[in-house]
Amino acid sequence: LKEPPQILEVSDSKNEQEELEIAVTRLLVSSYFQIVSKNLQDMVPKAVVYFMVNAVKTGLQKRLVQLLYKEDLFNTLTKEHENVAIKRDRCQKGLKALHQAAQVLDNIPSLLSHVTGLDNRLGTPQSHRRYSHTHELTPKSQRKKGRTGAKENSDPNIIHSVEKMGAFKEEKWAGG
């Protein structure tokens, strides 16, 4: 291969086709440089803001970590708000009351049949009781494996109240 000449000489004789190609090439190169210049002008502020934001973010994160990891603030930051503690206690008491009420309602048919001495008049098995959903409400750790009798699974106050109802019923029907 021959070396290219050090100076390129342009011939003075150009035809129309060559002049048109030169004009188009100049226009395209000029447009390309304008587009590249505009892109660089747009990218400079974006790059500056990007680096500034990252620097601020890093500095802010370091400062916040320094503020948060003071041992004397651990108790303050992890302390439960009073309203939340009160609501949690209320909810726990309400849940406990609902469990007890469901258990009482579940035991009423067996208590009535035990106190009155009457069999189940409707002929439905005890597994189809009206309030048998207490099994779903009771946590697994507190569920009883089997029911052997009404009195051992019931609250003594309820048994006493049901016995009073039975005595009242007998007095009423006896003519009292």
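**Exercise 1.** What percentage of the 176 residues of the chain count as buried?

*Solution.* This is a predicted model, in which local features need pLDDT of at least 70 and side-chain atom pairs count only at pLDDT 80 or more, while totals for chains, interfaces and linings use all residues. Residues are numbered from 1 along each chain as its sequence is written, and side-chain values use heavy atoms, with hydrogens and water left out. Begin with the cut-offs: buried means under 20% relative accessible area, exposed over 50%, and partly exposed in between (1.4 Å probe, protein chains only). By this rule, 9% of the 176 residues are buried.

**Exercise 2.** Describe the secondary structure of the chain.

*Solution.* Take helices (H or I, at least four residues) and strands (E, at least two) as DSSP runs, numbered from the N terminus. The chain then has 5 helices and 0 strands, and its elements follow the order α-α-α-α-α from the N terminus on.

**Exercise 3.** Find the salt bridges of Arg88 and state how exposed the residues are.

*Solution.* A salt bridge is a side-chain nitrogen of Lys or Arg within 4 Å of a carboxyl oxygen of Asp or Glu. First, Arg88 meets Glu80 at 2.8 Å, N to O; next, Arg88 pairs with Asp89, their closest N and O atoms being 3.4 Å apart. Glu80, Arg88 and Asp89 are therefore linked in a network of salt bridges. Finally, Glu80 is partly exposed at 36% relative accessibility, Arg88 is partly exposed at 36%, and Asp89 is partly exposed at 35%.
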